[in-house]
Amino acid sequence: MLRGLSLCIADGETVALVGRSGAGKSTALKLINRMLEPDAGQVLVDGRDTQSWDTTALRRRTGYMLQEVGLFPHMTVARNIGVVPLLLKWDAERILARTRELLDLVGLPAERFMARWPNQLSGGQRQRVGVARALAADPPIVLMDEPFGALDPVTRSELHDVIRRIQSAIRKTMVLVTHDMREAFVLADRIGVLQDGRLVACDTPAALNRSDHPEVRALLDASTR
Amino acid sequence: MNVVHFWQTHAAETMRLLSQHVGLVLVSTLAAITIGVPVGIAAARRPRIGGPLAAAASVIQTVPSLALFGFLLPLPLLGGIGARTALVALILYALLPLIRTTSAGLRSIDPAILEAADAMGMTAAERLFQVELPLALPTIIAGIRVATVFGVGTVTIAAAIGAGGLGEYIYRGLSMVDSTVILAGAVPVALLALVADGVLLLIERALSRPAARRSTIVVAAVASAALLIGVGAAVARPGGPRIVVGSKNFTEQVVLGELLAQAIERFAGVAVDRRLNLGGTFICDRALRGGDVDVYVEYSGTALTAIFKQPVSRDSTAVLQAIRTRYADAGITMLDPLGFNNTFAILVREDVARARQLSTLSQLGAIAPSWQAGFGYEFIEREDGFRGLAATYGLTFREPPRVMDLTLIYRALAEGQVDVVAGDATAGLIDALHLMPLADDKHYFPPYDAVPLVRAPTLLRYPQIAGALKRLAGRVDAGAMRRMNFAVDGNHRDPAVVVREFLDSL
């Protein structure tokens, strides 16, 4: 699937992986928290091969968001956000305080939303809860797999603001997978372009804008149309 | 006597049978959940293991319940008469719906939710208990509902192997040909099924609305715990020594079982458990040998041929001597005969007999080719049954004899569905339905003297029982037996009352 992919992401950096469907973006992302295992090569997190990490520990310090959000329908908003802290055996008071703080951060008033059920939320609200849940245990790394693909443009841009606010408040190492070049431009420090499992370009948005690689141009053209 | 009146006069017994019924369903369903849910999880995870297990459960489901009881009876540990065997069968039946719904419930969970659970670093166990099982719960409850309602019905049949429950009324009603008694058991069973279905449906619905989840689970758990404790208290036997009296599943046997029970209570002062209406000679004999039953009444000819597989003998004294020795070898004491001989009687309708001037079996040979016979399956199988009878009197019927339930055979004859049947000489319905026995003029039928059988160890522990039962020896003649049978069959009176009056008159 992926061949010759070499990419180094610095602490606190936000990198977007862009490409067409089937280019290998999600595969690359899932290698980071061992949702997938590499057949060959190495994935290093904090300078350590992920194969030597305990999978559970690795995942608990890696926030994860996906397009379908995957909120647990049998848990309230507060319980959903508190899942990982609870797995890490935080005490109830600390979880509650953290939940309030995060709901505030993603722009959902805690008093109104804590006790709601996922099926009582709109798509955008669900995705905000997803962001809060991914950040709950204050993981140094956050992975996002096309998190806003299914949202309308207005809601999506609101959520972009949320992510940017978070980025300026607490610097996280973020890896974002998207097929939308504009989203990558808004959120990422660096953008990696994948084509057929290969990394064909990786640079800052400004530099990428000047690239004449045909795939990069195709993606840029598609997003400005 | 209408059903409500029956319940009023049998309030304590009805409550006991109802509690037993509920208890059997509850215990078997809970046990099936503890087995079926893990198997269902395995089936969802590893179809290669789970598939065959689910298939085995499907096969078990297709075995008719009476046949399943039959398979289980001779097994050590699992078998024997009483609640244990019934529970094993009920658990086996309940497994399939539970395995199916558990694995279906798990497999229907949105993959995105499972991906989220994995990505958050849940271990397999955390994912199972915090995400998968809670989400599959409404589906699993649906399986529990199916299993429970099915169980309420199946427990009815378990009365045939002495497990108790409301099926006892149904069997008793069938053997007494009394629809009131049948209804006294069938109506609460139907209500129980409806209530169980309704309650579990409510729980299922409530659980599929997440907001109501926690409180529903708490309420359901508390309610079922309370029910379990209540039923347990009701079913738990009062302490102290108890003698178990058994009987087969027809009126005379129930009356005789009641007779032995009351004699032991009255003359020996020992408490008695009644396991009446057991499903036939084979089950009674096995129960006696296995120690599940301490006392029951057998017939000498039946013991000789059906139990000890000896050739038919027509000498009453010789038969009694032969079986007394054989029972003694098996650790069973045969007491003195009660005083009547319940031989087979070949019966025809009184008016037909008069019109055809028919009074002996020898005369039947000429008419038989144009007649239809109806026999119980035991009579067809037994060595001293139909085959020998046909050979002795040269009988050939129009068609092979129709196999009928012993309890329905008299009515079938009276209603003209068949022309000739084999019944009991002491059957009360003979008089009530205007039937007539044909004389056994060639003395084909061996003697069937009614003899109480007691386990020898029981007699050693409670020697007073022998004395109590001796007071019945020779006191129950054929006339007395037929009168008691008719009081129950014909007049629909309670066997316990009929027996009490008889004992008072001794």
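In what order do the six strands of the open sheet in chain A run? In this predicted model, the order is β4-β5-β6-β1-β7-β8, and the pairing is mixed. The edges of the sheet are formed by β4 (62-66) and β8 (198-203) of chain A, each of which pairs on one side only. From one strand to the next, the twist averages 15°.

Helix α7 (residues 123-135) of chain A lies across both β4 and β5 of chain A, and its direction makes an angle of about 160° with β4(A).

Strand β4 of chain A also takes part in the meeting of the two chains. Contacts between the chains involve 16 residues of chain A and 17 residues of chain B. On the side of chain A that touches chain B, α2 (55-60), β4 and α4 (83-87) each supply at least two residues. Sorted by class, this side of chain A comprises nine nonpolar, four polar and three charged residues.

With 18 residues at 1.5 Å a residue, α11(B) should span 26 Å, and its end C-alpha atoms are 25 Å apart, which agrees. Much of this helix is shielded: 14 of the 18 residues of α11(B) are buried, so the helix is mostly covered. Just after α11(B) comes B:G269, which takes a positive phi of about 65°.

Some of its surroundings come from elsewhere in the sequence. Apart from neighbours within four places in sequence, B:V177 is in contact with B:T407, B:R411 and B:D489. B:V177 can also be related to helix α11(B), which covers residues 251-268: B:V177 and B:T251 are 74 residues apart in sequence, while their C-alpha atoms are 9.0 Å apart in space.

How values were computed:
Residues are numbered from 1 along each chain as its sequence is written. Chains are lettered from A and ligands numbered from 1 in the order in which they are written. This is a predicted model: local features need pLDDT of at least 70, side-chain atom pairs count only at pLDDT 80 or more; totals for chains, interfaces and linings use all residues. Two strands pair if DSSP finds at least two bridges between them. Helices (H or I, at least four residues) and strands (E, at least two) are DSSP runs, numbered from the N terminus. Axes are lines fitted to C-alpha atoms, for helices over the stretch in contact, and angles run from 0 to 180 degrees between N-to-C directions. Two residues are in contact if their C-beta atoms, placed from the backbone, lie within 7 Å. The expected span of a helix is 1.5 Å times one less than its number of residues. A residue is buried if 20 or more other C-beta atoms lie within 10 Å of its own, exposed if 12 or fewer, and partly exposed in between; C-beta atoms are placed from the backbone. Ala, Val, Leu, Ile, Met, Phe, Trp, Tyr, Cys and Pro count as nonpolar, Asp, Glu, Lys and Arg as charged, and the others, Gly among them, as polar.
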